[in-house]
Amino acid sequence: MEHDHYLHPQRFPKNAEGPFYTTGSQLRNGIWCSDCMSCELPENEAPSLLAPLTNNNSDTYFVRQPVTGDDIDQACAAINVCCTGALRYGGCDPGILAKLDPSRCDYPKSGRLYKLFRSLFFRKNDG
């Protein structure tokens, strides 16, 4: 499958496919745990995008990717309030990157990696 975003090696496997994601760690027994501290701040910023924390779920992850501008704003707000840096953006949309701290992005707004990614995945159609 071809991706238009970075596939972080610690991407929590419950995340919906797409550039917004949370990180996690795999324990020795093979079980994954979210790196988020379950404080509910990200979930309060993006309740329709992130899994609700319940008695049956203590992991923070994206259940769906943002579609609308409002969704994107909520996802960015959730990333920005996460105290552990466990919520991340793996895409390279300049408008989204401008809303986020570069340390929360896999492709910073400048640099060779960003330029290479843009040239590979966002070529302009010449005809």
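1. A polar contact is a pair of N or O atoms within 3.5 Å; within protein, one must be able to donate a hydrogen and the other to accept it, and residues adjacent in sequence count only if both atoms are side-chain atoms. In the structure above, a polar atom of the Asn15 side chain lies 2.8 Å from the backbone oxygen of Phe12. The backbone oxygen of Thr22 is 3.0 Å from a polar atom of that Asn15 side chain.

2. This is a predicted model, in which local features need pLDDT of at least 70, side-chain atom pairs count only at pLDDT 80 or more, and totals for chains, interfaces and linings use all residues. Residues are numbered from 1 along each chain as its sequence is written, and side-chain values use heavy atoms, with hydrogens and water left out.

3. Asn15 belongs to the segment before strand 1 (20–22); strands (E, at least two residues) and helices (H or I, at least four) are DSSP runs numbered from the N terminus. Asn15 has a relative accessible area of 9% and is therefore buried (under 20% relative accessible area, 1.4 Å probe, protein chains only).

4. Beyond four places in sequence, Asn15 is in contact (heavy atoms within 4.5 Å) with Tyr21, Thr22, Tyr61 and Phe62.

Notes: Buried < 20%, exposed > 50% of the residue type's maximum accessible area, 1.4 Å probe, protein only.
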